[in-house]
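Here's a walk through one protein model, from the whole chain down to a few strands and a ligand site. Have a look at the structure first, then read on.

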Amino acid sequence: MSHSIVTEFTPSGQLRLGVFFQGVNSGTVWKTAESGSQTDFESFRRIAQTAERGLFAAFFLGEGLRLREHLGRPHALDVAGRPDAQTALAALAAVTTNIGLVATQNTTYNDPADLAHRLSTLDLLSGGRAAWNIVTTDNAWTGANFRRGGYLDHADRYTHAEAFVETAKRIWDAWDDAAIAASASSARWSAEGAVRRVRHTGRHYSVDVTPRLPRSAQYRPVLFQAGDSPEGRDFAARQADVIFSAHPQLEDALDFRRDIVERTLRAGRGANDVKIMPASEFILAATPQEALEKKAWVRSLQIGPQQAIAYLEQFWGRELQGYDPDGPLPEIDPVVEETSETRGSGFHGAKARQLADQWRAEAKEKGLSIRQFVSAKTSRGDSTFTGSYTEVADRLAEYARTGAVDGFNISPWLIPTGLDDIVNHLVPELQERGVYPTQYAGGTLRENLGLATPLRTDAAVEASPVTA
Ligand SMILES: Cc1cc2nc3c(=O)[nH]c(=O)nc-3n(C[C@H](O)[C@H](O)[C@H](O)COP(=O)(O)O)c2cc1C
């Protein structure tokens with residue numbers, strides 16, 4: 001099949017929303033009377049159903065396979081208490097009808113045939129609402145949970161991810177539409193030749209697979225990607241339907257869009273083929289003044305004194321407990337030559353000493369205490385939309401008009417009621433401005449994100465039929 005490639009990006013003028021349920025971390029307020037459980041299914045149900053009432057396209061879950069450790073203890077800022085994404089989403093599929101269900105799953109420690117099958121299962125059980133947020137995982141210590149130990153350096157992770165995703169796509173392609181008997185009177189349950197074998201021989205693994213499930217109502221799970229390095233962006237341009245980005249500020253978002261459009265065209269795909277939804281946080285109220293007051297309160301609860309010190313400790317590589325969280329940054333120097341927030345690619349090899357000098361100067365210039373400085377660095381400072389409902393709706397309408405993003409992936413700072421004001425007040429304002437849907441476009445996530453059905457790549461499927 002031939003199709004012409006669209007080379008000019010055109011803003012759709014529309015926004016979609018997703019919710020990113022994170023679990024307790026530096027962005028979640030868990031110490032107020034209103035805070036609910038981070039692990040009970042009831043919290044997941046409440047958030048997902050509220051999101052669905054607000055016509056959200058997607059419910060996201062992240063993945064953290066091992067708690068970060070620091071100076072020999074689990075790290076105070078990592079997400080503690082996070083259920084397995086696919087299990088939680090399967091349960092949510094039963095209590096929701098339209099919202100997409102996005103599971104973050106890494107390519108570094110999974111296996112393609114197994115993961116493709118589990119995602120197909122979620123896609124079928126939910127009637128075509130599943131998505132895979134593809135990550136390579138940026139840390140070195142997760143490997144200790146697996147037989148492989150420390151595994152794959154940064155560049156290799158994307159080479160591996162690419163082979164992994166292509167294999168998964170081929171598996172999903174390898175089951176024809178008419179593979180299953182149309183009626184009980186058919187001679188065979190599965191049509192001869194309609195389920196095909198997929199072989200991949202590569203550096204990291206070799207597989208010989210036949211799919212075990214039919215395609216879903218949306219053909220196959222929607223593919224999200226989250227990873228920001230040049231390799232990650234090129235990978236997304238080649239493979240993803242949607243990027244879960246870290247660029248929510250308007251100017252930055254426009255730059256990111258331009259960069260992704262260029263990379264997508266270089267990859268031989270159309271300018272509008274990859275959607276972008278940045279991570280974001282919303283602190284809203286009836287008036288701008290109230291919203292600012294609310295923000296100060298939220299921030300004071302997100303980063304407590306212990307978390308602020310723990311954050312600096314990971315860069316300083318030493319105990320800093322003796323320092324006053326409300327005082328200036330430590331004058332003592334870091335002990336390690338090379339630090340990294342995640343002992344992987346997270347800090348891209350910045351020298352600790354240089355970083356400390358830079359941060360001390362920045363904090364001094366802005367008059368920030370340790371706690372205020374850490375709060376600004378960690379708490380999605382750049383990704384926060386603060387203001388009255390109308391003010392924020394006006395700002396978001398500008399994103400729709402310019403095509404900076406296709407929507408936002410919102411991390412609620414409060415569980416399970418953190419989406420209520422967004423759904424009750426912000427969504428109607430967006431609808432009034434004509435930038436947000438007034439009903440679900442369809443039953444599948446692909447339809448609700450405005451994505452085309454993937455073209456089946458016949459060449460990718462080996463012509464070696466299998467009869468079940
Ligand atoms: C917005 C966003 C969300 C992410 N969520 C997760 C996650 O839940 N689990 C995870 O292992 N990695 C997550 N990642 C990071 C990915 O592991 C990514 O593969 C990693 O940052 C390495 O790729 P990069 O160097 O291209 O950024 C996320 C990244 C971004 C930008």
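Among contacts between residues at least 6 apart in sequence, 77% join residues at least 24 apart; two residues are in contact if their C-beta atoms, placed from the backbone, lie within 7 Å. Before going further, keep in mind that this is a predicted model: local features need pLDDT of at least 70, side-chain atom pairs count only at pLDDT 80 or more, and totals for chains, interfaces and linings use all residues. Residue numbers start from 1 along each chain as its sequence is written.

**The whole protein**

The secondary structure comes to 13 helices and 15 strands. Helices (H or I, at least four residues) and strands (E, at least two) are DSSP runs, numbered from the N terminus. The C-alpha trace spans about 80 × 50 × 45 Å along its principal axes. With 468 residues, a compact globule would have a radius of gyration near 23 Å, and the protein agrees with its 23 Å. That radius is taken over C-alpha atoms, and the globule rule is 2.2 Å times the number of residues to the power 0.38. Buried residues make up 42% of the 468. A residue is buried if 20 or more other C-beta atoms lie within 10 Å of its own, exposed if 12 or fewer, and partly exposed in between, with C-beta atoms placed from the backbone.

**Around β5**

How many residues of strand β5 (residues 100-106) are buried? Seven of its seven. Gly-100, Val-102, Thr-104 and Asn-106 point one way, while Leu-101, Ala-103 and Gln-105 point the other. In a regular strand the side chains alternate between the two faces of the sheet.

Ile-99 counts as buried because it has 26 C-beta neighbours inside 10 Å. Leaving out residues up to four places away in sequence, Ile-99 touches Ala-48, Ala-51, Glu-52, Phe-56, Ala-58, Phe-59 and Arg-129. Phe-59 is 40 residues away along the chain, yet the two C-alpha atoms are separated by 6.7 Å.

β5, helix α3 (residues 112-125) and β6 make a right-handed β-α-β unit. Right-handed here means that, with the strands pointing away from the viewer, the path from the first strand over the helix to the second runs clockwise.

**Strand pairs**

Two strands pair if DSSP finds at least two bridges between them.

| Strands | Bridges |
|---|---|
| β2 (residues 58-61) and β5 | four bridges |
| β5 and β6 (residues 130-135) | six bridges |
| β10 and β11 | two bridges |
| β11 and β12 (residues 275-285) | four bridges |

Ala-58 stands opposite Gly-100 in β5, and Val-102 stands opposite Ala-131 in β6.

**β11 and α5**

In β11, Val-242 and Phe-244 on one side and Ile-243 and Ser-245 on the other are all buried. The chain crosses from β10 through α5 to β11, and this β-α-β crossover is right-handed. Ile-243 is the bridge partner of Gln-225, and Phe-244 stands opposite Met-277 in β12.

The buried residues of α5 include Gly-232, Arg-233 and Phe-235. Among the elements covering them are α4 (154-173) and α6 (250-266).

**The ligand**

Of the 19 residues around the ligand, Gly-62, Val-135, Gly-227, Ser-229 and Gly-232 come nearest. The elements that give two or more residues to this shell are β5 and α5 (230-239). A residue is near a molecule if its C-beta atom, placed from the backbone, lies within 6 Å of it.
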